[in-house]
Amino acid sequence: MGKIIAIANQKGGVGKTTTSISLAASLGVLEKKILLIDADPQANATSGLGLDVNAVEGGTYHVLEHTLTAKKAIVKTASPNVDIIPAHIDLVAIEIELVDKQEREYMLKKALAEVKDDYDYILIDCAPSLGLITLNSLVAADAVIIPIQCEYFALEGLGKLLNTIKSIQNIHNPTLEIEGLLLTMFDSRLRLSNQVVDEVRKHFSTMVFETIIRRNIRLGEAPSYGESIITYDATSKGAINYLNLAQELLKKNSKNGESN
């Protein structure tokens, strides 16, 4: 059975989509079967893997609406072993359309039940908010990865996200776990970056991934070519960091007796 991991932080610009694409691609080259779900109306994970957002006819919006099954919404990507359920700007309307529906928080969980066994990992790229789409993602997920930018406001809003996760555990999804906090955009030349790393590790200890994602120009360039960092420049620091993260994730889950 596949493991569903949401990549979430309501703070924008912390590397959620970069992490979603790069981790999916890294796990793919490590011969794991991956489904990436673009649950962000900005659809950056969709375009970042080379799909034309304007040509998307069925995606996350239709899956949440239950007008299309998850299986029928899946699109193959050029990245080895990586499929995607794409997003479109229409996804922004789902918050309003689901609001008066019964069990609205469980729409994605129900939809993914039919494909969960087809993949080793299902990754969900969440929107930078704690709205209904992100709530659906966290209810559907087995675990959550929280990217944290190595900058001044790194911990701003983290408490709110952790409280939201605790609330979801209490009400909707008691088995939801925190897979780990991921430090991103690290620049070893900056004293502030090092201070943030020390602070996060001091407060959250074993919850923090050993792997740190360094600031890397190639990571920023890859999406404009519709490629993951793995296919764009496999020798770059960014690619090596995400391959290390994928291996750390697999090792952790192998120890826990889950997907390996």
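Helices α1 and α12 cross in a right-handed sense. This is a predicted model, and that crossing is a friendly place to start looking around. Two packed helices are described by the angle between their axes and the distance between the axes. Here, the axes of α1, which spans residues 16–29, and α12, which spans residues 237–255, come within 8 Å and cross at roughly 70°. Angles of 65 to 115 degrees count as roughly perpendicular, so α1 lies roughly perpendicular to α12.

Which residues of α1 and α12 make the contact? From α1 come T18, T19, S22, L23, S26, L27 and V29, while α12 supplies Y242, L243, L245, A246, L249 and L250. If you sort the residues of this contact by class, you find nine nonpolar and four polar ones, and no charged residues. As you trace the numbering, keep one general point in mind: an α-helix has 3.6 residues a turn, so residues three or four places apart point the same way.

Stay with α12 for a moment and find I240, which sits in this helix. Setting aside residues up to four places away in sequence, I240 touches A234 and T235. For a sense of distance, look across to H172: it is 68 residues from I240 along the chain, and the C-alpha atoms of the two are separated by 36 Å.

Now turn to helix α7, made of residues 132–140. This helix is mostly covered, with eight of its nine residues buried. The buried residues of α7 are L132, I133, T134, N136, S137, L138, V139 and A140.

Finally, step back to take in the whole protein. Its secondary structure comes to twelve helices and eight strands. The radius of gyration is 17 Å, close to the 18 Å that the globule rule gives for 260 residues, so the protein is as compact as a globular protein of that length.

How much of the protein is buried? Buried residues make up 54% of the 260 residues. The contacts also say something about how the chain comes together: among those with a separation of 6 or more, 77% are between residues 24 or more positions apart.

Key:
Residues numbered from 1 in each chain as written. Predicted model: local features only at pLDDT ≥ 70, side-chain atom pairs only at ≥ 80, totals over all residues. Heavy atoms only, no water. Axes fitted to C-alpha atoms, helices over the stretch in contact; angles between N-to-C directions. Helix = DSSP H or I, 4+ residues; strand = E, 2+ residues; numbered from the N terminus. Parallel < 35°, antiparallel > 145°, perpendicular 65-115°, else oblique. Left-handed = near helix turned anticlockwise from the far one by under 90°. Contact = heavy atoms within 4.5 Å. Nonpolar A, V, L, I, M, F, W, Y, C, P; charged D, E, K, R; others polar. Rg over C-alpha atoms; globule rule 2.2 N^0.38 Å. Buried < 20%, exposed > 50% of the residue type's maximum accessible area, 1.4 Å probe, protein only.
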